[in-house]
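Please examine the sequence and the structure shown below. The explanation that follows starts from a single residue and then turns to the chain as a whole.

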Amino acid sequence: MKSFVYPLAGLMAGLLSGSLVAASPCESGPPSQGAAWLADFDGNGRVDRLWLLPAADRPDTRGRAVDPWQGSGRPYDAHRLALVIERGRGAPGCLVIQNRRFFATPIWEGGDVPVHILRRGAPEALGWRRVARGWRGDGVLLGTEAGVDLLLFWDGRRPRIAQRNEIP
């Protein structure tokens, strides 16, 4: 009986201290040195918050990530950069966005990150409406090495990526 009680007590102490339970990137919030952008990404009239979560910033973090380039989900990889969108008051959940190839380019390492909010009512948004079918809310322009932006947008069900036919 003693051999069972001591490991169980150690497990309970670890759970209560939080050392064995990892937080999701959403629960952790933005890094203290990082900026957060505010916009209505999902178009529900509530302000959402977006931030960049650097690679290995919180290695004990767990959860699921969405890859809008592939249209799939996968386990969150703490060793890779991620975008996190915390949905506004009362909206369910938050989104962790990762793509191994896109965020691994040098433009995402250091300095000013190529993230810009595109308000749905902005004149520049009109050109994106033709390629971003079902776009609701505000969008996020993601810069690329080639100088051509991609649009991360919400289609009412999930995040998607749109690209215009531009030649760098």
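**The surroundings of Asp48**

Apart from its neighbours within four places in sequence, Asp48 is in contact with Trp37, Leu38, Ala39, Asp40, Phe41, Asp42, Ile85, Glu86, Arg87 and Gly88. The model in which these contacts occur is a predicted one. Asp48 itself lies in strand S2, which covers residues 48-53.

Which side chain of opposite charge is nearest to Asp48? That side chain is Arg87, at 5.3 Å. A salt bridge requires a side-chain nitrogen of Lys or Arg within 4 Å of a carboxyl oxygen of Asp or Glu. Asp48 has no salt bridge, although the residue is buried.

The side chain of Asp48 does, however, reach backbone nitrogens. One of them belongs to Gly88, at 2.6 Å; another is that of Asp42, at 3.4 Å.

The view may now be widened to the protein chain. The chain contains 3 helices and 10 strands, and their order along the sequence is α-α-β-β-β-β-β-β-β-α-β-β-β. Of its 168 residues, 38% count as buried, and Asp48 is one of the buried residues.

Among contacts in the protein chain with a separation of 6 or more, 49% are accounted for by residues 24 or more positions apart. The accessible surface of the protein chain amounts to about 9,800 Å², and carbon and sulfur atoms contribute 54% of it.

Definitions and conventions. Residues numbered from 1 in each chain as written. Predicted model: local features only at pLDDT ≥ 70, side-chain atom pairs only at ≥ 80, totals over all residues. Heavy atoms only, no water. Helix = DSSP H or I, 4+ residues; strand = E, 2+ residues; numbered from the N terminus. Buried < 20%, exposed > 50% of the residue type's maximum accessible area, 1.4 Å probe, protein only. Contact = heavy atoms within 4.5 Å. Areas by Shrake-Rupley, 256 points an atom, 1.4 Å probe, with all protein chains shown as cover. Lys, Arg positive; Asp, Glu negative; His and termini not counted. Polar contact = N/O pair within 3.5 Å; in protein donor to acceptor, adjacent residues only side chain to side chain.
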